[in-house]
Amino acid sequence: MVGLKVGPIFYKIGRGSFLHCFFSTVAVRIESENWGDKYPVLMNQLYKGEVLSKDVDSLKNELNDIKAKFKDIEIDQVVWSIEDRSQQPPWGDKVTETITNLSNCFITSGGKDLFEVFYTAIEASQRVNRNLIIKSL
């Protein structure tokens with residue numbers, strides 16, 4: 001189980017492979033496989049484990065841009081692993097009709113939209129002035 005941690009608060013995401021899928025999809029579909037080229041806070045800082053509280057505003061801006069760009073990309077363009085492009089998501093081609101593009105296809109194991117989990121953790125980080133950390137339980 002992996003999630004985002006701000007101080008003592010843990011925001012559950014799910015399996016590490018699911019979160020890696022999100023990062024892989026960003027790198028391949030928006031950054032032309034140049035990891036961290038367009039989104040250095042998300043792809044370099046957060047992926048490596050931590051975003052300083054002073055950088056969470058930049059993280060939020062990056063996520064807003066990614067979400068907007070994902071709206072124009074079909075669900076079948078999800079990348080499960082940048083390292084092994086032959087891997088397919090565990091859901092295969094079985095997606096609900098509410099999932100229409102990449103902007104709304106990343107649903108956590110708790111049933112929440114991944115972008116909303118990111119935004120909630122960012123708001124907490126801003127409120128308490130603590131770093132945002134990826135944590136594995």
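Which residues are buried in H1? In this predicted model, local features need pLDDT of at least 70 and side-chain atom pairs count only at pLDDT 80 or more, whereas totals for chains, interfaces and linings use all residues. Residues are numbered from 1 along each chain as its sequence is written, and side-chain values use heavy atoms, with hydrogens and water left out.

Helices (H or I, at least four residues) and strands (E, at least two) are DSSP runs numbered from the N terminus. Buried denotes under 20% relative accessible area, exposed over 50%, and partly exposed the range in between (1.4 Å probe, protein chains only). In H1, the buried residues are Phe-18, Leu-19, His-20, Cys-21, Phe-22, Phe-23, Ser-24, Thr-25, Val-26, Ala-27 and Val-28. Because eleven of its 14 residues are buried, H1 is largely enclosed by the rest of the structure. The elements covering these buried residues include strands S1 (2-6), S2 (9-14) and S4 (132-136), together with helices H2 (40-46), H3 (56-70) and H4 (114-128).

Four salt bridges are counted, each defined by a side-chain nitrogen of Lys or Arg within 4 Å of a carboxyl oxygen of Asp or Glu. One of them joins Arg-85 and Glu-33 at 3.2 Å, N to O. Arg-85 lies in the loop between H3 and H4 and Glu-33 in the loop between H1 and H2, so this pair ties together parts that are 52 residues apart in sequence. Another joins Glu-116 and Lys-67 at 3.9 Å, N to O; this pair links distant parts of the chain, with Glu-116 in helix H4 and Lys-67 in helix H3, 49 residues apart. Glu-116 is partly exposed, at 39% relative accessibility.

How values were computed:
Contact = heavy atoms within 4.5 Å.
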